[in-house]
Amino acid sequence: MMRADAIARILRIICDHETFLITSHARPDGDAIGSALGLMHLIESMGKRATVAFADRIPTMYRCLPGIERIVPDLPIELHDVAILLECDSIERTGFQAIEAGMLVNIDHHQSGRTFADFNWIDPTACAVGAMVYQLAVASGEEITPEMASCLYSAILTDTGAFTFACTDASTFGLAEHLLERGADSTAIAQSIYFSHPESKVRILGAALSNLEVDGEVAWTFVTLDDMERANAIVEDCEGIVNYLISILGVRAAVFLREIPTGDRFRLNLRSKGAVDVAEVAERFGGGGHRNASGCTIDGPLAQAIPVLVNELHLACRSACATLLA
Ligand SMILES: [Mn+2]
């Protein structure tokens, strides 16, 4: 389906209904939260009612986003006309058991996106779901308010790695320009997202970096439940640790493993550079994501899991070379 058709369909769905439930994936990131709140502001300016629910805690750094206080941790009992899921490949991905609504809409920009809903708009060329919500806002003819602009700018800022990932192009900066013109407070947002870390976040980073291993093009590290306790860290403090690994010169694939409380299992964040595909690696373990950023969960113990993973990452690096030579 053409992008313009998908946008028209979603705007029609909004016009034809009254109440909307908006949610996104578990362990929400800046795009999940920013695009959900941006969409909430849009739906409300179209004269409709919107509820935003997230199964997991909102990380402190996003507390600056306008409307953040409206997010609820539980699904409302009231049945909504439409539930809109942002960057989820299934209902499960939301972290909620089930989502009941008259209709399900799925908006996603992941390569691994699936058409599980009644209406699906998946655009893997979009740098963020926030950019897709922005297109909806422009097509709706509604005014882009400073609140909406700040939410969508945060989504795009974080999902492009502060405008550094490969998905960033001239149009991304055009988008940022437009959102700043509409009143997005880029300085306050940067201050909140990049310069307001709790001490525990920096301490768990220290623990992770002290476990760092590098083998050629592959880097990996982990934190255990003990490390987490010593640093007084919570899960969101581990966000972004993997980026330090992939920042190493010569490293093309990296994985960060975090032990989860449900007995000898690990949550993985994978990153890669260029043509190296870590979405494929994550998919092999039941996860998903983008070519250069993905995640999954695997069983321990570490001594068994790490060699398997490192081997997969070496293979991913090699097959990226093979593709280039073919
Ligand atoms: Mn995203």
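Where is Ala 162 found? Some notes on this and a few other spots follow.

1. Ala 162 sits in the loop between helix 4 and helix 5 (170–181); helices here are DSSP runs of H or I with at least four residues, strands are E runs of at least two, and both are numbered from the N terminus. Please keep in mind that this is a predicted model, where local features need pLDDT of at least 70, side-chain atom pairs count only at pLDDT 80 or more, and totals for chains, interfaces and linings use all residues. Residues are numbered from 1 along each chain as its sequence is written.

2. The backbone of Ala 162 has a phi near 55°, a positive value in a residue other than glycine. Ala 162 is partly exposed, because 13 other C-beta atoms lie within 10 Å (buried takes 20 or more such atoms within 10 Å, exposed 12 or fewer, partly exposed lies in between, with C-beta atoms placed from the backbone).

3. Arg 27 also deserves a look: its phi is positive, about 45°, although it is not a glycine. Arg 27 belongs to the loop between strand 1 (19–23) and helix 2 (30–45), and it counts as partly exposed because it has 17 C-beta neighbours inside 10 Å.

4. Now the helix pair. The axes of helix 4 (residues 146–159) and helix 6 (residues 186–194) come within 10 Å and cross at roughly 50°; axes are lines fitted to C-alpha atoms, for helices over the stretch in contact, and angles run from 0 to 180 degrees between N-to-C directions. Helix 4 and helix 6 are therefore oblique to each other (under 35 degrees is roughly parallel, over 145 roughly antiparallel, 65 to 115 roughly perpendicular, and the rest oblique). Helix 4 contributes Ser 150, Tyr 153, Ser 154, Leu 157 and Thr 158 to the contact, and helix 6 contributes Ser 186, Ile 189 and Ile 193 (contact is C-beta atoms, placed from the backbone, within 7 Å).

5. Pro 301 lies in the loop between strand 11 (293–299) and helix 11 (302–325).

Conventions
Contact = placed C-beta atoms within 7 Å.
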